[in-house]
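Reader: Please show me the structure, and then let us go through it by question and answer.

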Amino acid sequence: MTATIIDGKTIAAELRGKVAFEVAQLKREHGVTPGLAVVLVGQNAASEVYVRSKSKAVVEAGMTPSDHKLPETVSEAELLALIDKLNKNKAVSGILVQLPLPPQIDPQKVIAAIDPAKDVDGFHPVNVGRLSLGLPALVPCTPSGCIMLAKMVWPSLAGLDALVIGRSNIVGKPVAQLLLAENATVTVAHSKTKDLPALARRADLLIAAIGKAELVRGDWVKPGAIVIDVGINRVAGDGGKSRIVGDVAFDEAVKVAGAITPVPGGVGPMTIACLMLNTLRAACAQNGVKAPRL
Ligand SMILES: Nc1nc2c(c(=O)[nH]1)N[C@@H](CN(C=O)c1ccc(C(=O)N[C@@H](CCC(=O)O)C(=O)O)cc1)CN2
């Protein structure tokens, strides 16, 4: 038996279409156009690709883009001054600072400077705290995407044994909070976890977000489990070219799992679709409009 492949590209395109529909309605009925400010510092090649995709998605959703490219050498004070300006700009509903940042800049200081109501990445301590308290919050995009994809194949996650491999602030910790909110039984594993393969074999839902190419092997996967692969690892391919693989050995796991996300084309596209959704939600909240349930 081979697993159902969860097509994140198609699911993300559908979500972006729904967001665009709601943006048009928001404009028509309330005269509000959501705006997203995307800030890129330096010339990290992958970040440049992601930022371009985000700006394209903003335009396609009918929102107003505002792109800010700062040199690699920009000071922390200059970046904080830009954020202050964007916080005060009423046309800007959401602010996103692309990570990673160069070493002279403290990312936590930058994230904390963003108005929590405009923090469409959901990284601000206020949003992190609200998520962990089970209160309405702007929720990080990749974790939201993981939950949406899992629920596509298994609509109720209640009671499932879920294993999250990785404890990053961007994915591991928030996805664990979201799984708790879905009433899953959650284990968070990391580099110091003992006998990870044995833990993985117990998981009905396995979310791999550790950034290690093909760490999770086929014989770690419980037969029929849902496997969500967040990893994006560039490895050497044929003919001197590189290729992208996930944190899961897909060719092995697909023979055992019940459902699995591919890399590329799984969780990655959901990150940008959920960013559009967060920007719409932020614009609604800032204008006293009830946000649509999408
Ligand atoms: N401020 C933020 N910075 C970063 C985030 C984030 O959510 N907020 N996440 C990642 C990068 N990221 C978005 O910014 C991102 C990563 C991957 C994809 C994606 O669609 N990946 C494709 C493959 C792309 C490729 O070929 O390289 C896929 O998986 O199909 C979108 C967004 C770090 N920084």
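**Helices, sheet and loops**

Author: Helix α7 (residues 172-181) lies across β5, β6 and β7 and runs at about 170° to β5. Axes here are lines fitted to C-alpha atoms, for helices over the stretch in contact, and angles run from 0 to 180 degrees between N-to-C directions. Helices (H or I, at least four residues) and strands (E, at least two) are DSSP runs, numbered from the N terminus. The model is predicted: local features need pLDDT of at least 70, side-chain atom pairs count only at pLDDT 80 or more, and totals for chains, interfaces and linings use all residues. Residues are numbered from 1 along each chain as its sequence is written, and side-chain values use heavy atoms, with hydrogens and water left out.

Reader: In what order do the six strands form the open sheet?

Author: Two strands pair if DSSP finds at least two bridges between them. The pairing in this sheet is parallel. β1 (4-5) and β6 (185-189) stand at the edges with a single partner strand each, so one side of each has no neighbour in the sheet. The order is β1-β11-β8-β7-β5-β6.

Reader: Which residues of β7 are buried on each side?

Author: In a regular strand the side chains alternate between the two faces of the sheet. Buried means under 20% relative accessible area, exposed over 50%, and partly exposed in between (1.4 Å probe, protein chains only). Both faces of β7 are covered, and the buried residues are Leu205 and Ile207 on one side and Leu206 and Ala208 on the other.

Reader: Are α6 and α7 parallel or oblique to each other?

Author: Their axes are 8 Å apart, at an angle of about 40°. Angles under 35 degrees count as roughly parallel, over 145 as roughly antiparallel, 65 to 115 as roughly perpendicular and the rest as oblique. α6 and α7 are therefore oblique.

Reader: How many nonpolar residues does the contact of α6 with α7 have?

Author: Contact means heavy atoms within 4.5 Å. Pro143, Ser144, Cys146 and Ile147 in α6 meet Pro174, Val175, Leu178 and Leu179 in α7. Ala, Val, Leu, Ile, Met, Phe, Trp, Tyr, Cys and Pro count as nonpolar, Asp, Glu, Lys and Arg as charged, and the others, Gly among them, as polar. By class there are one polar and no charged residues, and the nonpolar ones number seven.

Reader: Is the crossing of α6 and α10 left-handed or right-handed?

Author: Helix α6 (residues 141-153) and helix α10 (residues 267-286) pack at about 110°, with axes 8 Å apart. α6 and α10 are therefore roughly perpendicular. A crossing is left-handed if the near helix is turned anticlockwise from the far one by less than a right angle, and right-handed if clockwise. The crossing of α6 and α10 is right-handed.

Reader: How many charged residues are in the contact of α1 with α10?

Author: The axes of helix α1 (residues 8-30) and α10 come within 8 Å and cross at roughly 20°, and the two helices are therefore roughly parallel. Residues of α1 that meet α10 include Lys9, Arg16 and Glu22. The contact divides into 15 nonpolar residues, one polar and, as for charged residues, three.

Reader: What is the relative accessible area of Thr279?

Author: Thr279 lies in helix α10. Not counting residues up to four places away in sequence, Thr279 touches Pro34, Gly35, Leu36, Met63, Ser93 and Val120. Thr279 is buried, and its relative accessible area is 0%.

Reader: What is the omega of the peptide bond from Val263 to Pro264?

Author: Most residues other than glycine have a negative phi, and most peptide bonds are trans. Pro264 lies in the loop between β11 (259-260) and α10. The bond from Val263 to Pro264 is cis, with omega near 0°.

Reader: What is the phi of Asn183?

Author: Asn183 lies in the loop between α7 and β6. At 55% relative accessibility, Asn183 counts as exposed. Asn183 is not a glycine, yet its phi is positive, at about 70°.
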